[in-house]
Amino acid sequence: MAERRSGSLSTRKQPQQARSAELVAAVLEAAVQVLAKEGAPRFTTARVAEKAGVSVGSLYQYFPNKAAILFRLQSDEWRQTSEMLRDILEDRGDPPLKRLRRLVHAFIRSECEEADVRGALNDAAPLYRDAPEARKVRKAMDGTMAAFLREAAPRSADATRARAAQLIGRTLAALGKDFSSRPRSAAEITAYADAVADMLCAYLLTLRRG
């Protein structure tokens, strides 16, 4: 069956009943399995529907195309990662440097644990990364690091903190992607995360001096 094309990444409708919610959950779980096994180039709605045990027509009731499924997986991953980072950075029971170290360890470990799916989602990113829905999700994640840096480095200029937030985010993303490109042992993950945390904590100390 030919893949439907549509400019929309939004779901067609939200499941209102338990049965509908179960169908959507089955589709998303099947999509993760297909993506991890087949990769982005061979990811199709037909394969997802077959894996989920539903008809393609039932799938299309909720997702207009494969890009919508992939974007849902990506936005769920963004949201989960954002919540994890926010919980760490907003935990004022620890000083800022300790929170940043915790964040690095949690992020690197997460990248390694979900490397197959994240890599495939990155390959599929051209399907949705410039869509309005994707920009909206990314924008919603921007405030957490900015708020942390205002607390951690109050004497730094706004422009300096903005640059630091971008640098920290891009550094973590690039290093996490590269490091998780092959299987890693727990000891390797800990040692690498310690090294990255040492680097970023040293950078944060320079910011705190204004």
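**Helices, a pocket and a few well-placed side chains**

Helix α4 (66–89) gives the most to the lining of the second largest pocket, with four residues. Helices here are DSSP runs of H or I with at least four residues, strands are E runs of at least two, and both are numbered from the N terminus. The model is a predicted one, where local features need pLDDT of at least 70, side-chain atom pairs count only at pLDDT 80 or more, and totals for chains, interfaces and linings use all residues. Residues are numbered from 1 along each chain as its sequence is written, and side-chain values use heavy atoms, with hydrogens and water left out.

Back to the pocket. Rolling a probe the size of a water molecule over the atoms shows where empty space is left. A pocket is an open set of points on a 1 Å grid over the protein atoms alone, where a 1.4 Å probe fits and protein lies on both sides within 12 Å along at least five of seven lines; a lining residue has an atom within 4 Å of a point. The second largest pocket has a volume of about 250 Å³, that is, the space filled by probe spheres set on the points, with grid points joined across faces, edges and corners. Its lining is made up of Val32, Leu73, Asp76, Glu77, Gln80, Glu113, Glu114, Val117, Arg118 and Leu121. Both α4 and α6 (115–124) supply at least two residues each to this lining. By type, the lining splits into four nonpolar, one polar and five charged residues. In this count Ala, Val, Leu, Ile, Met, Phe, Trp, Tyr, Cys and Pro are nonpolar, Asp, Glu, Lys and Arg are charged, and the others, Gly among them, are polar.

As for the whole chain, it has 10 helices and zero strands. Of its 210 residues, 41% count as buried, where buried means under 20% relative accessible area, exposed means over 50%, and partly exposed is in between (1.4 Å probe, protein chains only). Contact means heavy atoms within 4.5 Å. Among contacts between residues at least 6 apart in sequence, 73% join residues at least 24 apart.

Helix α2 (residues 45–52) has Thr45, Val48, Ala49 and Ala52 as its buried residues. They sit on the same side of α2, because they cover an arc of only 100 degrees around the axis; the arc is that of the directions from the helix axis to the C-beta atoms. On the face turned away from this buried side, α2 carries the exposed residues Glu50 and Lys51. The cover over the buried residues of α2 includes α1 (18–38), α3 (56–60) and α4. Tyr60, found in α3, is buried with a relative accessible area of 4%. Its C-alpha atom is separated by 8.6 Å from that of Thr45, 15 residues apart along the chain.

Two serines in loops come next. Not counting residues up to four places away in sequence, Ser156 touches Arg161, Leu207 and Gly210.

Ser180 has its place in the loop between α9 and α10 (186–208), and at 11% relative accessibility it is buried. The side chain of Ser180 reaches the backbone oxygen of Gly176 at 2.7 Å, and one of its polar atoms lies 3.4 Å from the backbone oxygen of Lys177. Leaving aside neighbours within four places in sequence, Ser180 is in contact with Glu111, Cys112 and Ala115.

Finally, Arg101 is found in α5 and is partly exposed, with a relative accessible area of 27%. Beyond its neighbours within four places in sequence, Arg101 is in contact with Asp194, Ala197, Asp198 and Cys201. The C-alpha atoms of Arg101 and Cys201 are separated by 7.2 Å, although the two residues are 100 apart along the chain.

Definitions and conventions:
A polar contact is a pair of N or O atoms within 3.5 Å; within protein, one must be able to donate a hydrogen and the other to accept it, and residues adjacent in sequence count only if both atoms are side-chain atoms.
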